[in-house]
Amino acid sequence: MRKITALFLLAVVISVSGCSGGADVLRRVTEEGSIRVLASENSEPYAYLADDGTWAGDEIDIAKEIADDLGVELVIVPVSKQDLLTALSEEKGDIAIGRIERSDRTDRKYAVSLSYGTGRLFIVTPRSVYFPTLGSLGDVDIGVTEQLSGENSIAVAGAAHSVRYYKDMDLVEHSLVNGTIAAYVCYEEQVSGLMDRQTLQANNISGSKPEEYVVVARKESGTEALVERVSDTITRLLENGELGGFSKL
């Protein structure tokens, strides 16, 4: 596996002046010998800074494989999830990964890879309480995973009486049991971490559309060719069953 370099936010601001400005991105990446990947920071298990100071997570693993297939060094540029596409447009990275949802908007504005997985929303509630749809949350206060993304984030925020964002699972359970929130909306992998708690239950949201995650790049000379190479890597990982951290389409 090739060396990974992490650029922190202050360093990123300094380093971005050398971006391509319209040059052939794939050629520049291969000639310079490195690819700058914008990744969603503090997003365990997808992307996070491990105790040993290295970047780890399911999406970091994908980025490593992309860099290896290109034969270049991987440079991780961490930004907040909500700022991924802004940072990409500002040329702070060559590609971005961070559970970016495929949509008409992303297809229109960016060069988009093959999907590497999906995310489906679930509702966690105290036992004997049941909300089958987003619409059934209209009169209650809910909790939401801070990692919620894309169009579903807008839909969930508009469906409930009020929304609180959570990261700590113990606090989620406490808030559900004491009635601070009536339900908690999260992804399937987060449900598995809550279901060993005897006070809680979960159900998938009827009519909820699964999110489909892609790697994106700016639309400029050479990015389509770069994203094709990214898709080749994703295809290989899918065919070899090496994307176990994500639900398949």
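Thr125 is placed in strand E9, strands being DSSP runs of E with at least two residues and helices runs of H or I with at least four, both numbered from the N terminus. The structure is a predicted model, in which local features need pLDDT of at least 70 and side-chain atom pairs count only at pLDDT 80 or more, whereas totals for chains, interfaces and linings use all residues. Residues are numbered from 1 along each chain as its sequence is written, and side-chain values use heavy atoms, with hydrogens and water left out.

Thr125 has a relative accessible area of 0% and is therefore buried; buried denotes under 20% relative accessible area, exposed over 50%, and partly exposed the range in between, with a 1.4 Å probe and protein chains only. Contacts of Thr125, with residues up to four places away in sequence not counted, are made with Phe131, Leu176, Ala182, Ala183, Thr199, Leu200 and Gln201, a contact being heavy atoms within 4.5 Å. The C-alpha atom of Thr125 is separated by 10.0 Å from that of Val172, a residue 47 places away along the chain.

The chain contains nine helices and 14 strands. Of its 249 residues, 50% count as buried. Among contacts between residues at least 6 apart in sequence, 74% join residues at least 24 apart.

The largest nonpolar core comprises 48 residues, where a nonpolar core is a set of buried Ala, Val, Leu, Ile, Met, Phe, Trp, Tyr and Cys residues joined through side-chain atoms within 4.5 Å. Ile35, Ile95, Tyr116, Leu137, Ile142 and Val185 have the most contacts inside this core. Helix H3, spanning residues 58-70, gives the most to the core, with six residues. A second, separate core has 14 residues, among them Leu85, Ala87, Leu88 and Tyr110. When residues up to four places away in sequence are not counted, Leu137 touches Ile123, Phe131, Ile142, Ala159, Ala160, His161, Ala183 and Val185.

Two aromatic pairs are present, under a rule by which rings of Phe, Tyr and Trp (its six-membered ring) pair if their centres lie within 6.5 Å; planes under 30 degrees apart count as stacked, over 60 as edge-to-face and the rest as tilted. The ring centres of Tyr116 and Tyr213 lie 6.4 Å apart with planes at 35°, so this pair is tilted. Tyr116 is in the loop between strand E7 (110-112) and strand E8 (117-119), while Tyr213 is in strand E14 (residues 211-218); the pair thus links distant parts of the chain, 97 residues apart. Both Tyr116 and Tyr213 are buried. For Tyr166 and Tyr184, the ring centres are 6.2 Å apart and the planes stand at 90°, so the pair is edge-to-face. Tyr166 belongs to strand E11 (residues 162-166) and Tyr184 to strand E12 (residues 183-187), so the pair ties together parts that are 18 residues apart in sequence. Tyr166 and Tyr184 are also buried.

Several residues were examined for backbone geometry and burial. Arg99, in strand E6 (residues 95-101), has phi near 50°, a positive value in a residue other than glycine. With 1% relative accessibility, Arg99 counts as buried. A positive phi, near 80°, is also found at Ser128, likewise a residue other than glycine. Ser128 is in the loop between strand E9 (121-126) and strand E10 (141-145), and its relative accessibility of 73% makes it exposed. Ser34 lies in strand E2 (residues 34-40) and, at 17% relative accessibility, counts as buried. Beyond its neighbours within four places in sequence, Ser34 is in contact with Val29, Val72, Glu73, Val75 and Asp94.

Glu44 and Pro45 are joined by a cis peptide bond, with omega about 10°; Pro45 lies in the loop between E2 and E3. H8 (188-194) and strand E3 (48-49) each supply at least two lining residues, with the largest share, three residues, coming from H8.
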